[in-house]
Amino acid sequence: MRTKDNLLIASSVATLSNKNSASVLIISLLVSILSAYCALSGFLDENLYGSVISTGIFKIPFMAGTISQDIVSIVSSVLMLTLIVLYIKHKDFRIMISIIGLLSFYFYGYGTYVISALYTSVYLIYMLIFTLSILGLILGISGFKGNSVNTLYLPNRIRICGISFLSVIILIFMSKWITDLIPYTLSHTVPDFYAIYILDLCIILPLFIVIIYMLVRNMKLASILLGIALLKTSTLILSVTIGSFIASKYGTQDKASMIIIYCLITMISFVLFLFYCLKIKVKDEI
């Protein structure tokens, strides 16, 4: 009897494994350290952003989003280090999904810096974080294969909530960003924050459409991708929300309706992610 129990435990552990976990942990550690360094430099070195503002390339109103991202990056770095330690100790696949989800935040956040050409003295580090986060995402997601995916169980109510939430995100931001871009295309001018339009319309929102399709078809990999998407959304929109609240300090102001939307998206995505972590199981745990 004891032998049978041990075999079941061993089988369960095997289904939770990620074959690239060691590489993902190393990349995540590097990303968290480099991100914390860049973010802290933004607070401790007044010339980091000031020198770029003086050139006219980087405008003062952009500072609200930059400072808010630095705040969330510092918090995310601490959380990432904690998750790395927890994963080494427990090897829980939910923790690995959370680590990959945070990597998606770094991918987006530092992708905006790289694409927008925020040429601070640490720009090359921005590029390195961006590159490492892409590599970490690829290795992390592809590391779940075979039984690691097929043994996952996600309740229908969580799946439906995920489909509904991601659909609303697509509807809100795709319509808003396209509407924002049309006047710029007609006048042949470059919009502020153009990196956001590129990342959202060309990468993030299309990926959300793919995840929705996979959830509708009940594809097992979608169970992993949903958690990553929810954590990415909660951390990123948290940064946007903080930026909206401090925007007036830098001479700009978001509409009250958008601030409310940002707050709601942050809270809903965070709550959904918590329920997702509680409810997603492997078949041996059911």
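Trainee: Is Ser 32 buried or exposed?
Mentor: Ser 32 is buried, at a relative accessible area of 1%. Buried means under 20% relative accessible area, exposed over 50%, and partly exposed in between (1.4 Å probe, protein chains only). Bear in mind that this is a predicted model, where local features need pLDDT of at least 70 and side-chain atom pairs count only at pLDDT 80 or more, while totals for chains, interfaces and linings use all residues. Residues are numbered from 1 along each chain as its sequence is written, and side-chain values use heavy atoms, with hydrogens and water left out.

Trainee: Where does Ser 32 lie, and which residues does Ser 32 touch?
Mentor: Ser 32 is part of helix 2. Helices here are DSSP runs (H or I, at least four residues), numbered from the N terminus. Leaving aside residues up to four places away in sequence, Ser 32 touches Ser 77, Met 80, Leu 81 and Tyr 106. Contact means heavy atoms within 4.5 Å.

Trainee: How do I read two helices that pack together?
Mentor: Two packed helices are described by the angle between their axes and the distance between the axes. Here, the axes of helix 2 (residues 21-44) and helix 4 (residues 63-90) come within 8 Å and cross at roughly 150°. Axes are lines fitted to C-alpha atoms, for helices over the stretch in contact, and angles run from 0 to 180 degrees between N-to-C directions. Helix 2 and helix 4 are therefore roughly antiparallel, a label for angles over 145 degrees. Among the residues that meet are Leu 25, Leu 29 and Ala 36 from helix 2, and Ile 67, Ile 74 and Ile 84 from helix 4.

Trainee: What span should the 28 residues of helix 4 have?
Mentor: The expected span of a helix is 1.5 Å times one less than its number of residues. For helix 4 that gives 40 Å, and its end C-alpha atoms are 40 Å apart, which agrees. Just after helix 4, Lys 91 has a positive phi of about 55°.

Trainee: How many residues of helix 5 are buried?
Mentor: The count is 22 of the 23, so helix 5 is largely enclosed by the rest of the structure.

Terms used: Helices (H or I, at least four residues) and strands (E, at least two) are DSSP runs, numbered from the N terminus. Angles under 35 degrees count as roughly parallel, over 145 as roughly antiparallel, 65 to 115 as roughly perpendicular and the rest as oblique.
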